[in-house]
Amino acid sequence: MKTATHTPSAAGRKRRSYHHGNLAEALIEASITLIEQDGVENLSLRQAAKLAGVSPGAPFRHFSTKTALLTGVAEQAMQRLSSAIATELANTDTESPLNQFHAIGLGYLNWALAHPTHFQIVSSRTLIDFEASDYLVKENNAIRERMVVLLRQAQERKEISAAVQPDHLILSARALVYGLARMAIDGHMPEWHPQEPAALAIERALDQFVESIRRK
């Protein structure tokens, strides 16, 4: 049974009964504002409804619980992550699977720095009901599966060693970009790497990781 009835495909549809447009999207945007102001632990459906300018009972048409509302936020986060990755892939050399693999990581980093609250919510399985969202599961699997395909293609083209295990390499890459994003968002970069801006530092760290697995 799903906890959230909102889906990104419904974004932008107008409901005549609400002057501000789509109710689910309005509640999600209100939630993000409240999280940034007071922290996720203080978020409530009632507060989100008040900020969105609707009645206290209105959120229950889309989100039955706070977890369901945060799952809606996570779906929006995933939508924007997928868009960021698509943008990087569109600007990357299609002849090199390894460069496309790098583009996925760069898209992730760019998205995380641009949307730190989204990053926080979608990354925490204690805040959302990940498995209850078909959209989250589908998009997450699609990104991972594309990474697997790209690494296998990179092996076929001898860009990386045939001995590399794609599953383990993907785990390493995921841990790297997540950790870099977490460090930058939480303000650790001035301590660990003060000599250049955080965004540049984490991009160069990703570059170095990809070059380290590129077959010379």
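**Briefing: helix packing, core and domains**

The axes of helix 3 and helix 4 cross at roughly 135 degrees and come within 8 Å; axes are lines fitted to C-alpha atoms, for helices over the stretch in contact, and angles run from 0 to 180 degrees between N-to-C directions. Helices here are DSSP runs (H or I, at least four residues), numbered from the N terminus. This is a predicted model, in which local features need pLDDT of at least 70 and side-chain atom pairs count only at pLDDT 80 or more, while totals for chains, interfaces and linings use all residues. Residues are numbered from 1 along each chain as its sequence is written, and side-chain values use heavy atoms, with hydrogens and water left out.

**Helix 3 and helix 4**
- Contact (heavy atoms within 4.5 Å) involves residues of helix 3 including Ala77, Arg80 and Leu81, and residues of helix 4 including Gln100, Tyr108 and Trp111.

**Nonpolar core**
- The largest nonpolar core has 66 residues, and Leu27, Tyr108, Leu109, Trp111 and Ile121 have the most contacts inside it.
- Such a core is a set of buried Ala, Val, Leu, Ile, Met, Phe, Trp, Tyr and Cys residues joined through side-chain atoms within 4.5 Å.
- Among the elements that give two or more residues to this core are helix 1 (23-38), helix 6 (134-156) and helix 9 (198-213).
- Helix 3 supplies the largest share of this core, 11 residues.
- The core lies between domain 1 (21-64) and domain 2 (65-213), because both give residues to it.
- Beyond four places away in sequence, Ile121 touches Ile35, Val40, Leu70, Val73, Ala74, Leu127 and Ile128.

**Domains**
- The domain bounds come from an automatic or database domain assignment, which gives domain 1 (21-64) and domain 2 (65-213).
- Between the C-alpha centres of domain 1 and domain 2 the distance is 28 Å.
- The contact takes 16 residues from domain 1 and 14 residues from domain 2.

**Single residues**
- Serine 82 lies in helix 3 and counts as buried, at 18% relative accessibility; buried means under 20% relative accessible area, exposed over 50%, and partly exposed in between (1.4 Å probe, protein chains only).
- Not counting residues up to four places away in sequence, serine 82 touches Glu139 and Ile143.
- Glycine 179, in helix 7, is partly exposed, with a relative accessible area of 25%.
- Glycine 179 and alanine 198 are 19 residues apart in sequence and 13 Å apart in space, C-alpha to C-alpha.
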